[in-house]
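Please take a moment with the sequence and the model shown here before reading on.

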Amino acid sequence: MERNKPVLMQGNEAVARGAVDAGINFFAGYPITPSTEITEFMSRELPRRGGVFLQMEDEIASISAVIGASLAGSKSMTATSGPGISLMAEGIGYAKMIEQPCVVVNVMRGGPSTGLPTQPSQADIQQARWCSHGDAPAIALYPHSVLECYELTIRAVNLAEKYRTCVMVLSDAMLGHMREPVLLPDLEKVKIIERIKPTIPPEWYKHYPDNPKYRAPLASFGDGYRFHVTGLAHDDHGFPTTRPDEVAAMMNRLKNKISQNIDDLVQIEVFGDESARVAIFAAGITARAAKAAIEIAHDHGKKLLLVRPLTIWPFPDEAVRTYLSDKKLILIPELNQGQLSIEIKRILGKSKKTRKIAELYKVTGELITPEEILTALKEVN
Amino acid sequence: MKKIPQKEIHKYLRHNKKFPHVWCPGCSDGIVLGATIRAIAEIGWEKDDCAMVSGIGCSSRMPVYIDLNTAHTLHGRALAYATGIKMAKPALNVIVVTGDGDASAIGGNHLIHACRRNINLTVICINNHIYGMTGGQYSPTTPHGAIATTMPFGNIDNEFDLCKLTIGAGATFVARTTAYHAIEMQSIIKAGFEHKGFSFIEVMCACPVIFGKLNKLGSAPEMMKQLRDSYVPLNLYDKLNDDEKNDQHPRGIFRNVEAPEYSEKYAELVKSLQPKQGESDEQA
């Protein structure tokens, strides 16, 4: 494929291309709208590259095979939509618990249940954070363009390797299916994080590092380092334990490796005029409408600011405080019933006289338009 | 069959921190672990080249004790994890240890599809007819009429014959043995290991503390005698009349056929797609 000129590409294809460019060499999936193009792309592309593609019997089997392949040394991933994530939830928690890198893509559609399979939605934002039972911190990225689908999938693969966890890429039915011209970077310029293989004698090998800041080598099955993994609470060698000090060390490591690396994990975009008194907080496909609204407003001499999270989890608390605490009005348009706004209110507090937090929800399978954003701003301002 | 001395077994056990084990007195799981180790030792597989994967349940606690590449995964999902491991690294000898509930209730879907794929995995399914770890609920192999904590008035449900099920689903090696027949078990597990394709080995086991107690089946030695007397070799079973067959079950190797193996078929596909020398690599 040509990389020196723009090509028309679909969002789902960009995710799949990003994945293979990042070194994904194992994919297991199950057909589900609107993510199926990713699975189909992988079925064509991976065997050609010597990688493995498997269509499994369901989503539970898919995430299981993905984690198994990662244990055996592959960079592995799956793609699905909300109902599939619901089925994969236990496996996602297991990957986080055993600290095994893998990537899960959720091309969001309307829910709950079967919902609106072909229509866009942003209603799985909180699911991306909380899908597993137990305290399992999450990393989730959300692009807003086809090019970003490519870039953030690469980043997701890298973060999964770096933080030894399951990283989620959020997309939606609109982003997944729309086509845009994209100019892919040269492969040599794509930064890829590889797994560090241990070189120490096997008897010194510890499967889990003491320090969450330190990127420890990770052995794979068959490398000569015979380790054990379990979903049970475990010690730093991976063996089951109920000793409170060992359980505490494990739980703290899971939490701290995310919470102590916020600067590395969180990415946001600030668009428009930072001095504006009115701001919009929006993600993914809805942020595009917000950008269009800001351009229309600017043409009419009105200043607006957009803060857009590229990293949804961990949530960009600091950026919200920095850019939004002095605003008179903050509008949060989203294709759900308040999953981003609940976080903004958690960070900034409820609406008050000096700072109003307004919500614009749509859960009908349609997108929020720039005009609707401008109308909403007029109504509440 | 080669006799593997006791001290040889210790080479395959994890000695740091892992004992005493979780299994109840009289449990058969240790006998299965012993036979599995003996079969590995008999073939001479290197420990580094073997992976053992399990789900959840009493039997699924086995991987923690054995010094291989081991994964204690999620309830019912061991076969799907093992499929990922095998496809990512086909050179690994992948052993799946599971129980009747893990394999055929919550994991039933994965079981039939792994059979259908004929992927080179060896499943050792320890059948104790009950959910032991959660205290005695009925499983898909609890006999009709038996007592379980969730069938307090006797089981009205029908039971699976796991060997017939896996044969029907396309497994190319299917066998049944018991914890009493430990020497036979070793040779059957070895045959399963050596079979290229999907192997399913059902090991009938005694669970005196949970299933035995609920159903007043006596002590562990008595339950072992019941295993000895109720499972007869296939060739003898075939000669029994219908009345006798009601109280007896066949054991032995029911199916052992050669068929194309999944990871090999996949490797051939990959090979066929590689650009031949002189051709340009035209990727999509």
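Where in chain B is the place of B:Asp48? In this predicted model, B:Asp48 lies in a loop of chain B, between helix 2, which covers residues 29-43, and strand 1, which covers residues 50-54. Because 17 other C-beta atoms fall within 10 Å, B:Asp48 is classed as partly exposed, given that a residue needs 20 or more to be buried and 12 or fewer to be exposed. Leaving aside residues up to four places away in sequence, B:Asp48 touches A:Gly222, A:Gly224 and A:Arg226. Within chain B, by contrast, one may look along the sequence to B:Lys239, which is 191 residues from B:Asp48, and find the two C-alpha atoms separated by 45 Å.

The contacts of B:Asp48 with chain A lead on to the contact between the two chains, to which chain B gives 37 residues and chain A gives 39 residues. On the side of chain B that touches chain A, at least two residues each are supplied by strand 2 (69-72), helix 3 (78-88), helix 5 (108-117) and helix 12 (262-273) of chain B. Helix 3 of chain B provides the largest share of this side, with eight residues. By residue type, this side of chain B consists of 19 nonpolar, 10 polar and eight charged residues. Helix 3 of chain B is also mostly covered, with 11 of its 11 residues buried; among them are B:Tyr81, B:Ile85, B:Lys86 and B:Met87.

Two packed helices are described by the angle between their axes and the distance between the axes. The axes of helix 2 and helix 7 (residues 182-194) of chain B come within 8 Å and cross at roughly 50 degrees, and this angle is why helix 2 of chain B counts as oblique to helix 7 of chain B. The crossing of these two helices of chain B is right-handed. Residues of helix 2 of chain B that take part include B:Ile31, B:Ala35, B:Arg38 and B:Glu42, and those they meet in helix 7 of chain B include B:Met185, B:Ile189 and B:Phe193. The residues of this contact between helix 2 and helix 7 of chain B divide into eight nonpolar, two polar and four charged.

Chain A, for its part, contains an open sheet of five strands with mixed pairing, in the order 11-13-12-15-16. Strand 11 (268-272) and strand 16 (356-361) of chain A stand at the edges with a single partner strand each, so one side of each has no neighbour in the sheet. Neighbouring strands of this sheet are turned by 20 degrees against each other on average, direction ignored. Strand 11 of chain A runs antiparallel to strand 13 (residues 305-309) of chain A, and five bridges join them; A:Phe271 has A:Leu306 of strand 13 as its bridge partner. Helix 11 (residues 317-324) of chain A packs on the sheet, touching strands 11, 12, 13 and 15 of chain A, and its direction makes about 175 degrees with that of strand 13 of chain A. Helix 13 (residues 370-380) of chain A also packs on the sheet, touching strands 12, 15 and 16 of chain A, with its direction at about 145 degrees to that of strand 16 of chain A.

Technical notes:
Residues numbered from 1 in each chain as written. Chains lettered and ligands numbered in written order. Predicted model: local features only at pLDDT ≥ 70, side-chain atom pairs only at ≥ 80, totals over all residues. Helix = DSSP H or I, 4+ residues; strand = E, 2+ residues; numbered from the N terminus. Contact = placed C-beta atoms within 7 Å. Pairing = 2+ DSSP bridges. Axes fitted to C-alpha atoms, helices over the stretch in contact; angles between N-to-C directions. Nonpolar A, V, L, I, M, F, W, Y, C, P; charged D, E, K, R; others polar. Parallel < 35°, antiparallel > 145°, perpendicular 65-115°, else oblique. Left-handed = near helix turned anticlockwise from the far one by under 90°.
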